Amino acid sequence: MTTKTQKSEETRALILSTALALFREQGFEKTTMREIAAEAGVALGATYYYFASKDALVLAFYAQSQAELEPLLSEVLTRKHKNLQARLHALITTKLEYFRPNRSLLSALAAHTNPGHSLSPFSEDSRAIRERDVQTFQQALDVDKVKYPADLAPHLPAVLWIYQMGIILYWVYDPSPAQRRTFKLLDKSLPIVTRLIQISTLPLMKPLRKLTVELLETIYGPD
């Protein structure tokens, strides 16, 4: 890496870390690009050169978080677990603990759930990050050699991802000490999720499964 390139990467990292600190301290909405530039000691024009907007800063935070989580999640996927329930529990709790320092920031961003907003986890701008996260659940299913019907195969990883997002959303607003209520919710709900996967293979579940697949295709299929 050349000195010029290294300096550029350092400046970009400084702007991002400064922005995240300000977002945590005074909120995403209240923080301005001018404040970020001043706090980082960087010209406003240079700040816009690296990040076109506050949304771009948050998307960079998402991408950075995913990159830093990769080895942690990989370790969970390769570690021996009793069953799928234990592996999913480890995946989700690993993410919760990783994001704990930025819980207040995630709380502020949780309002942006409209898929039309770039910061939404369902937006086109976050598609690559979302699809990589969904793939993590596919890997969990593969590692534990979980048996499930073929008609559920295209949808099950995304369903598990949505379940995870529900847990995270509950967590960012959870007022209980150390968010203990969230972990209790995870402990109580995850056995239901994995049990539903297990019984989905039963013949008597086929009519209900057909309705479920049709519902999922309505959600994820073309307009």
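The model is predicted, so local features need pLDDT of at least 70 and side-chain atom pairs pLDDT 80 or more, while totals for chains, interfaces and linings use all residues. Residues are numbered from 1 along each chain as its sequence is written, and side-chain values use heavy atoms, without hydrogens and water.

Helices here are DSSP runs of H or I with at least four residues, and strands are runs of E with at least two.

The largest pocket has a volume of about 690 Å³. A pocket is an open set of points on a 1 Å grid where a 1.4 Å probe fits, with protein on both sides within 12 Å along at least five of seven lines; lining residues have an atom within 4 Å of a point. Of its 30 lining residues, Tyr 62, Pro 121, Trp 161, Met 165 and Ile 168 are closest to the centre. Helix α8 gives the largest share of the lining, 8 residues. By type, the lining holds 17 nonpolar, 8 polar and 5 charged residues.

The axes of α7 and α8 come within 8 Å and cross at roughly 110°. The two helices are therefore roughly perpendicular (65 to 115 degrees).

Conventions: Points joined across faces, edges and corners; volume = space filled by probe spheres on them. Nonpolar A, V, L, I, M, F, W, Y, C, P; charged D, E, K, R; others polar. Axes fitted to C-alpha atoms, helices over the stretch in contact; angles between N-to-C directions. Parallel < 35°, antiparallel > 145°, perpendicular 65-115°, else oblique.
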